[in-house]
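Here is a friendly walk through a structure, one region at a time. Have the sequence and the 3D view open side by side as you read.

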Amino acid sequence: MKKRGIFSGIILIGFGTYFLLERFSLFPSFHTWPTLLFMIGIAFLGQAYIGKDYSAILSGVAFTGIGIHFHLASRLSAWPDDISALTFIIALGLLLQYVKTKQALLPTILLFTLSIIFLFSHRLQQMFTSVTFDSLIHIWPIAFVLLGLYLLFVKKG
């Protein structure tokens with residue numbers, strides 16, 4: 001019962017604050033759906049860390065991160081506005097969840113590495129403008145297939 005109260009309490013405080021600020025026209029640039037996503041994420045993170053329900057960490061980081069991402073993407077021209085920022089947010093959530101649960105290290109490392117590659121792919125392409133690098137960019141999913149086959153059939157246990 002206590003764990004459920006943490007999430008509900010934070011949601012009610014967040015939504016109440018949001019609608020009060022909207023009613024009094026304070027901070028009008030934050031009266032958007034990304035702010036609501038941010039508040040839901042904070043509630044999940046409160047549930048995870050205060051209520052010791054560590055399975056909520058990924059959801060909390062995802063909602064909070066996506067809310068922050070859309071706020072920053074609309075305000076900063078240098079902020080990445082493609083899938084690379086979202087994969088980084090999910091990878092960060094998996095990493096924080098791994099720290100508490102010690103589960104799913106391999107997918108965490110793979111997604112984190114992939115998200116870093118996505119974030120810096122434009123710079124990498126400028127540095128390595130060879131045909132080989134361009135070919136690798138198009139066939140990288142093969143690495144996932146090979147790793148999956150290895151985990152299924154070679155490394156059992």
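Thr87 is buried, as its relative accessible area is 14%; buried means under 20% relative accessible area, exposed over 50%, and partly exposed in between, with a 1.4 Å probe and protein chains only. This threonine belongs to helix H4. Helices here are DSSP runs of H or I with at least four residues, strands are runs of E with at least two, and both are numbered from the N terminus. Leaving aside residues up to four places away in sequence, Thr87 touches Leu111, Ser115 and Phe118, where contact means heavy atoms within 4.5 Å.

Before going further, a word on the model: it is predicted, so local features need pLDDT of at least 70 and side-chain atom pairs count only at pLDDT 80 or more, while totals for chains, interfaces and linings use all residues. Residues are numbered from 1 along each chain as its sequence is written, and side-chain values use heavy atoms, with hydrogens and water left out.

## The chain as a whole

What does the secondary structure of the protein chain come to? It comes to eight helices and zero strands, so from the N terminus on the elements run α-α-α-α-α-α-α-α. Of the 157 residues in the protein chain, 24% are buried. Among contacts with a separation of 6 or more, 57% are between residues 24 or more positions apart.

## The second largest pocket

The second largest pocket has a volume of about 210 Å³. The search runs on a 1 Å grid over the protein atoms alone: a cavity is a set of points where a 1.4 Å probe fits but cannot get out, whereas a pocket is an open set with protein on both sides within 12 Å along at least five of seven lines, and lining residues have an atom within 4 Å of a point. Grid points are joined across faces, edges and corners, and the volume is the space filled by probe spheres set on the points.

Which residues line the second largest pocket? They are Val61, Thr64, Gly65, Ile68, His69, Trp79, Pro80, Ala85, Phe88, Ile89, Leu92 and Leu119. Helix H3 (57-75) and helix H4 (83-101) each supply at least two residues of this lining, and the largest share, five residues, comes from H3. By class, the lining has nine nonpolar, three polar and no charged residues; Ala, Val, Leu, Ile, Met, Phe, Trp, Tyr, Cys and Pro count as nonpolar, Asp, Glu, Lys and Arg as charged, and the others, Gly among them, as polar.

One of the lining residues is His69, which lies in helix H3. His69 is buried, with a relative accessible area of 3%. Not counting residues up to four places away in sequence, His69 touches Trp79, Pro80, Asp81, Ala85, Leu86 and Ile89.

## Aromatic pairs

The structure holds six aromatic pairs. Rings of Phe, Tyr and Trp (its six-membered ring) pair if their centres lie within 6.5 Å; planes under 30 degrees apart count as stacked, over 60 as edge-to-face and the rest as tilted. Trp33 and Phe70 make a tilted pair, 5.0 Å centre to centre with 55° between the planes. Trp33 is in helix H2 (residues 33-49) and Phe70 in helix H3, so this pair ties together parts that are 37 residues apart in sequence. Phe70 counts as partly exposed, at 32% relative accessibility.

Phe44 and Phe63 are a stacked pair, because their ring centres are 5.6 Å apart and their planes are at 10°. Phe44 in helix H2 and Phe63 in helix H3 are 19 residues apart, and the pair links distant parts of the chain. Phe44 is partly exposed at 21% relative accessibility, and Phe63 is partly exposed at 30%. Together with Phe7, Phe44 and Phe63 form one aromatic cluster.

## Charges over rings and positive phi

A charge sits over a ring if NZ of Lys or CZ of Arg is within 6 Å of the ring centre and within 35 degrees of the ring normal. Arg75 lies over the face of Phe30, at 5.2 Å from the ring centre. The charged end of Lys102 sits over the ring of Tyr98, 5.5 Å from its centre.

Lys102 is found in the loop between H4 and helix H5 (105-119), and is exposed, with a relative accessible area of 57%. What is the phi of Lys102? Although Lys102 is not a glycine, its phi is positive, about 60°. Most residues other than glycine have a negative phi. Lys52 has a positive phi as well, near 55°. Lys52 lies in the loop between H2 and H3 and is exposed at 54% relative accessible area.
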